[in-house]
Amino acid sequence: MAELLVFGAGYTGVAIARAAMAHGLSVAVTSRGPRKLPDGAALVAFVDAGAALSAARYVVSTAAPGEAGDPVLAAWGDDLRAARLNWMGYLSTTGVYGDRGGGWVDEDTAPAPGAARSVRRVAAEAAWHEAAAGRPLDICRLAGIYGPGRSALDDVRGGRARRVLAPGHAFGRIHRDDIAAGVVAALRRPAAGTRVLNFAD
């Protein structure tokens, strides 16, 4: 069975799987439907993740919370708490900091979410902290994700470009492959308890 279980076979989850495999880890990735994964990664149906979770030593969730809460914890919270994990990761968003009027934030800045989805993210972070029960957990707060196929130039080429008129608004971004590299670096050097890591260019 795989050492790393990635919940979510989307754009970022697949990149994390690829980066982890490049560092010699065996990887399983959950999905609710068919997905193309890097060669050597195991695809696990989300509903069948229990066996993969019990065998894993590392787990990272890329799943966004809905109005009902975090989907991974709702389905697999008890199994997650019982698993013998050396590290847990949860991908969140820098949106939890809210509008700071151009001011700086860092990992010690208290969240002040304004949007409903950011409020849900703060609640999900707290739920993951509780589920970790003192084990190493990294909450990775991501800026806006871009990368191959998802850049401003790709939007221009694809006819999807639009002007964003937001005077005084600054946009934070992070490349998908930098997220993957950061997640692998974090799991290879876990810290005791819960650690917050901001990922932004």
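Predicted model: local features only at pLDDT ≥ 70, side-chain atom pairs only at ≥ 80, totals over all residues.
**Aromatic pairs**

A pair of aromatic rings is described by the distance of the centres and the angle of the planes. The count for this model comes to two aromatic pairs. Their values are set out below.

| Pair | Centre to centre | Angle between planes | Class |
|---|---|---|---|
| Phe 7 and Phe 46 | 6.0 Å | 70° | edge-to-face |
| Tyr 90 and Trp 128 | 5.6 Å | 25° | stacked |

Phe 7 belongs to strand S1 (residues 4–7), while Phe 46 is in the loop between strand S3 (42–45) and helix H2 (49–55), so this pair ties together parts that are 39 residues apart in sequence. Phe 7 and Phe 46 are both buried.

In the other pair, Tyr 90 is part of strand S5 (residues 87–93) and Trp 128 is part of helix H4 (residues 116–132), so the pair ties together parts that are 38 residues apart in sequence. Tyr 90 is buried, and Trp 128 is buried as well.

**Charges over rings**

Phe 46 also has a charged group over its ring: the charged end of Arg 32 sits there, 4.0 Å from the ring centre. Arg 176 lies over the face of Tyr 11, and here the distance to the ring centre is 4.9 Å.

In soluble globular proteins, nonpolar side chains tend to be buried together. The largest nonpolar core in this model has 29 residues, and the members that touch the most others are Leu 4, Ile 16, Val 60 and Val 183. At least two residues of this core come from each of S1, helix H1 (11–22), strand S2 (27–31), strand S4 (58–61), S5, strand S6 (137–142) and helix H6 (176–188).

**A loop residue**

Ala 64 is found in the loop between S4 and helix H3 (71–82). Is Ala 64 buried or partly exposed? Its relative accessibility is 45%, so Ala 64 counts as partly exposed. When residues up to four places away in sequence are not counted, Ala 64 touches Pro 71 and Arg 121. From Ala 64 to His 23 the separation is 41 residues in sequence and 26 Å in space, C-alpha to C-alpha.

Definitions and conventions. Residues numbered from 1 in each chain as written. Heavy atoms only, no water. Phe/Tyr/Trp six-rings, centres within 6.5 Å; stacked < 30°, edge-to-face > 60°. Helix = DSSP H or I, 4+ residues; strand = E, 2+ residues; numbered from the N terminus. Buried < 20%, exposed > 50% of the residue type's maximum accessible area, 1.4 Å probe, protein only. Lys NZ or Arg CZ within 6 Å of the ring centre and 35° of its normal. Core = buried A, V, L, I, M, F, W, Y, C linked by side-chain atoms within 4.5 Å. Contact = heavy atoms within 4.5 Å.
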